[in-house]
Amino acid sequence: MAAGSKRRRDQPTAASGRGDGARTIWTITGLLALAGVAAAGLIALAAARPDPETEAQKQAERDLPQIVLPMPAFTDPAPRGNPIQASREEPLARDTLATVREAANQPPATPPPPPPPTAPDAAVTMTPAPAPGLTQESTQGPLPVRGTDGEAPWQVYARPFDRSDARPRVGLVIGGLGFSETATKAAIDLPGAVTLAFSPYAPELGRWIGLARQAGHEVMIELPMEPDGYPRNDAGPAALLTTLEPARNRERLQWTLSRVTGYVGVKPLMGDRFMRSPQHLRPVLDELQERGVMMVVQEESDTDVGAALAREIGVPRATARLTVDAVATPQAIDQRLNALESLARREGKALAVADAWPVTLERVANWIRTIESRGVAFAPATALAEAPGLAPDGGAAPPAVSGPASTPATPTPASSAPATSAPATSTPAGSTPATDAHAPGGAAHGSGH
């Protein structure tokens with residue numbers, strides 16, 4: 001028994017062998033870890049030691065003078081534009097503008113109580129269009145020209161008016177017509193003395209022109225021109241631009257003039273920027289003068305040079321002093337109409353422009369019904385026009401700004417030609433739509449835009 005027990009104690013077992021192996025592995029692992037820590041310490045110590053060469057380079061950089069570059073000063077770009085040469089008539093136009101502004105801000109001196117409505121607008125006979133000898137065929141369509149005997153389209157196609165009427169005159173040109181059927185019909189329903197201006201882009205331009213003239217209105221074509229803020233604001237593909245050569249602008253002008261026949265003149269469509277540039281505007285005014293076409297020019301801003309330049313060149317023109325619906329509310333429109341009437345009493349005549357907003361048409365219709373009873377004559381734009389050689393307004397108070405000196409002559413109706421021409425008002429008005437048959441061609445051009 002004792003001997004067996006001794007043999008068992010002396011014989012190694014499997015469990016004790018496994019224990020010795022585990023202790024050996026842990027010992028080796030500990031030694032490797034200590035070696036790693038020692039190596040890391042040596043590396044860190046080496047990295048912490050300063051490199052003499054690197055320290056010298058850093059010190060040299062610190063000794064260099066410090067150069068601080070200033071930030072560039074950013075300024076807004078100069079406004080786009082061309083040098084503008086002042087017209088000889090511009091100082092006179094500026095003085096007149098101050099008077100107009102003062103009058104526009106004042107109500108009538110003694111506003112009378114509303115009288116009963118006056119009689120409806122009298123029927124007139126309009127000259128059919130195209131009148132013989134007043135058109136020139138071109139690749140774009142018929143263009144207006146002066147007749148060989150001196151007839152001018154702006155007088156032949158005008159609404160008849162007795163220029164010997166001594167009462168103060170007011171006139172109104174309503175634009176933006178030809179697209180909205182409702183607005184265009186409402187404008188045509190106004191008294192015939194209201195001058196109507198149609199967009200050259202209107203798809204049925206010829207039909208509307210014919211209906212308007214049949215109702216006794218003299219008509220105009222709107223002339224698209226470059227506005228402020230172009231190209232964000234755009235007057236359409238035929239707009240006259242300050243970036244185009246005169247020949248290109250002339251092509252666009254002739255496109256507009258060739259849409260239809262029977263109109264008396266043009267009214268700017270937008271065009272704030274173009275109308276401030278005499279070097280671009282002058283060729284346009286030269287051609288209008290040569291063709292006998294009048295123009296509505298506005299004199300509401302001291303930067304507008306159109307009125308002064310047109311006066312200088314001698315273009316038949318009617319100067320608009322007010323925009324009736326610059327603020328399109330009933331109260332504001334009524335105030336501007338009263339200001340227009342007050343201005344006419346001061347200067348003998350006054351013209352305004354407006355757009356075909358429903359509120360504008362409604363307020364204008366109410367105002368016109370009573371104006372004649374207040375001793376003021378409501379007249380078409382041609383009856384307020386100025387042009388070289390035009391007979392003076394018999395009996396009417398002279399305007400504050402007169403055109404070039406004219407030769408005294410017997411007053412003639414605005415719709416008739418000068419003394420050598422035969423009045424064309426004897427042709428029945430019923431033929432007007434048929435003679436405006438050039439309109440289909442014009443409408444075809446216009447509908448493409």
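In this predicted model, the axes of helix H9 (residues 278-291) and helix H10 (residues 306-313) approach to within 10 Å and cross at roughly 45°. H9 and H10 are therefore oblique to each other, and their crossing is right-handed. On the H9 side, the contact is formed by Pro-278, Leu-281, Arg-282, Leu-285, Asp-286 and Gln-289. H10 contributes Gly-306, Leu-309, Ala-310, Glu-312 and Ile-313. By residue class, this contact of H9 with H10 comprises six nonpolar, two polar and three charged residues.

| Pair | Distance between ring centres | Angle between planes | Class |
|---|---|---|---|
| Tyr-201 and Trp-255 | 6.0 Å | 35° | tilted |
| Trp-367 and Phe-378 | 5.8 Å | 80° | edge-to-face |

The pair of Tyr-201 and Trp-255 links distant parts of the chain, 54 residues apart. Tyr-201 is located in the loop between strand S4 (195-198) and helix H7 (205-214), whereas Trp-255 belongs to helix H8 (residues 246-257). Tyr-201 has a relative accessibility of 8% and therefore counts as buried; Trp-255, at 11% relative accessibility, likewise counts as buried. The cut-off applied for burial is under 20% relative accessible area.

In the other pair, the planes of Trp-367 and Phe-378 stand at 80°, so the arrangement is edge-to-face. Trp-367 lies in helix H12 (residues 358-371) and Phe-378 in strand S10 (residues 377-378), so this pair ties together parts that are eleven residues apart in sequence. Both Trp-367 and Phe-378 are buried.

Definitions and conventions
Residues are numbered from 1 along each chain as its sequence is written. This is a predicted model: local features need pLDDT of at least 70, side-chain atom pairs count only at pLDDT 80 or more; totals for chains, interfaces and linings use all residues. Side-chain values use heavy atoms; hydrogens and water are left out. Axes are lines fitted to C-alpha atoms, for helices over the stretch in contact, and angles run from 0 to 180 degrees between N-to-C directions. Helices (H or I, at least four residues) and strands (E, at least two) are DSSP runs, numbered from the N terminus. Angles under 35 degrees count as roughly parallel, over 145 as roughly antiparallel, 65 to 115 as roughly perpendicular and the rest as oblique. A crossing is left-handed if the near helix is turned anticlockwise from the far one by less than a right angle, and right-handed if clockwise. Contact means heavy atoms within 4.5 Å. Ala, Val, Leu, Ile, Met, Phe, Trp, Tyr, Cys and Pro count as nonpolar, Asp, Glu, Lys and Arg as charged, and the others, Gly among them, as polar. Rings of Phe, Tyr and Trp (its six-membered ring) pair if their centres lie within 6.5 Å; planes under 30 degrees apart count as stacked, over 60 as edge-to-face and the rest as tilted. Buried means under 20% relative accessible area, exposed over 50%, partly exposed in between (1.4 Å probe, protein chains only).
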